[in-house]
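Visitor: I would like a close look at a single part of this model, with the cut-offs spelled out as you go. Please begin with the way two neighbours pass one another.

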Amino acid sequence: GQLATWVGVAAGVGKLVNGMIIDRADPWSVFVWYIMLSALFTFMFSVSESLDALTLWAMANAFVQSAGWLCSGKLIFDRLHPSQHGRAFSFLAAGSRLGSILSAASLGPALGVVSWRSVVKLASLGAAVALDARLQEVWLHMATIYLEHLYMLDEAARCVVVAVGLDPRR
C-alpha cells in the first residue's frame, strides 16, 4: 500500500510539473531523456533491497513516465495539422496497447523462469538499447522505406512518424 500510494502521488505531481516543462522545452528531447531516466530508475528499483529504496526509485520512475502522453500529445499538436490529430491519437493509443500486450507476452513468461528482479532488469536494458542512436537511425531508415510503399495508410502512418520526431524531412 505504501509504495502504490507514493507512486500515485509522484505520477500526479509528474503530470503537473512535466506539463509545464514540456510546454517550455522540446517535447521530443524531454521524451528521450525521460526514457533514459526511466531505464535507469527501473534498473535501480530492481537492485533495491529496502522498502524505502524501492519506493524512492518507483516514485522517480512514475514521475518521468507520467510525461509520456504529455510529450506525445504536444508533438501531435505542434507538428500535425488539426485534421490529422484524431488519427494520430488513435494510432498512439493503439500503439500503446500493442506495446503493453507485447511486453506482457515477452516478459510475462520469463517470470516462470527467473526472478522478478531479473525481468525488471531486462526491461530496463531493453529501454536503454532502444534509445541507442544507431538503432534510431536504422528505425528511421526502415520507417521511411515502409512509408514509401504504403498506399491506403500512407498519410496516417506519416503523421505518427512525424509526431514522434522521426520525420526524415527535418
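In a crossing of which hand does H4 pass H5?

Guide: Happy to take you there. H4 passes H5 in a right-handed crossing (left-handed if the near helix is turned anticlockwise from the far one by less than a right angle, right-handed if clockwise). Before we zoom in, please keep in mind that this is a predicted model, where local features need pLDDT of at least 70 and side-chain atom pairs pLDDT 80 or more, while totals for chains, interfaces and linings use all residues. Residues are numbered from 1 along each chain as its sequence is written, and side-chain values use heavy atoms, without hydrogens or water.

First, some context for the part you picked. The chain holds eight helices and zero strands (DSSP runs numbered from the N terminus, helices being H or I with at least four residues and strands E with at least two). Read from the N terminus, the order of elements is α-α-α-α-α-α-α-α. The chain has 170 residues, and 30% of them count as buried (under 20% relative accessible area; exposed is over 50%, partly exposed in between, with a 1.4 Å probe and protein chains only). Among the contacts in the chain with a separation of 6 or more, 70% join residues 24 or more positions apart (a contact is heavy atoms within 4.5 Å).

Now back to your pair. H4 covers residues 68–79, and H5 covers residues 85–107. Their axes lie 10 Å apart, and the packing angle is about 155 degrees (axes are lines fitted to C-alpha atoms, for helices over the stretch in contact, with angles from 0 to 180 degrees between N-to-C directions). H4 and H5 are therefore roughly antiparallel to each other (over 145 degrees; under 35 is roughly parallel, 65 to 115 roughly perpendicular, the rest oblique).

Which residues make this meeting? From H4 come Trp69, Ser72, Gly73, Ile76 and Phe77, and from H5 come His85, Ala88, Phe89, Leu92, Ala93 and Ser96. Sorted by class, this contact of H4 with H5 has seven nonpolar residues, four polar ones and no charged ones (Ala, Val, Leu, Ile, Met, Phe, Trp, Tyr, Cys and Pro are nonpolar, Asp, Glu, Lys and Arg charged, the others, Gly among them, polar).

Leaving out residues up to four places away in sequence, phenylalanine 77 touches His85 and Phe89.

The axes of H1 (residues 2–24) and H4 come within 9 Å of each other and cross at roughly 30 degrees. H1 and H4 are therefore roughly parallel to each other, and the crossing in which H1 passes H4 is right-handed. In this contact, Gly14, Lys15, Asn18, Gly19, Ile22 and Asp23 of H1 meet Leu70, Cys71 and Lys74 of H4. Three nonpolar, three polar and three charged residues make up the contact of H1 with H4.

That brings us to charge. Side chains of opposite charge can pair when their charged atoms come close. The count comes to two salt bridges (a side-chain nitrogen of Lys or Arg within 4 Å of a carboxyl oxygen of Asp or Glu). In one, lysine 74 and aspartate 78 meet at 3.3 Å, N to O. These two are four residues apart in helix H4, so about one helical turn separates them. Both are partly exposed: lysine 74 has a relative accessible area of 22%, and aspartate 78 has 46%.

The other salt bridge joins aspartate 26 to arginine 79, with 3.8 Å between the closest N and O atoms. Aspartate 26 sits in the loop between H1 and helix H2 (27–47) and arginine 79 in helix H4, so this pair ties together parts that are 53 residues apart in sequence. Aspartate 26 is partly exposed, at 35% relative accessible area, and arginine 79 is partly exposed too, at 25%.
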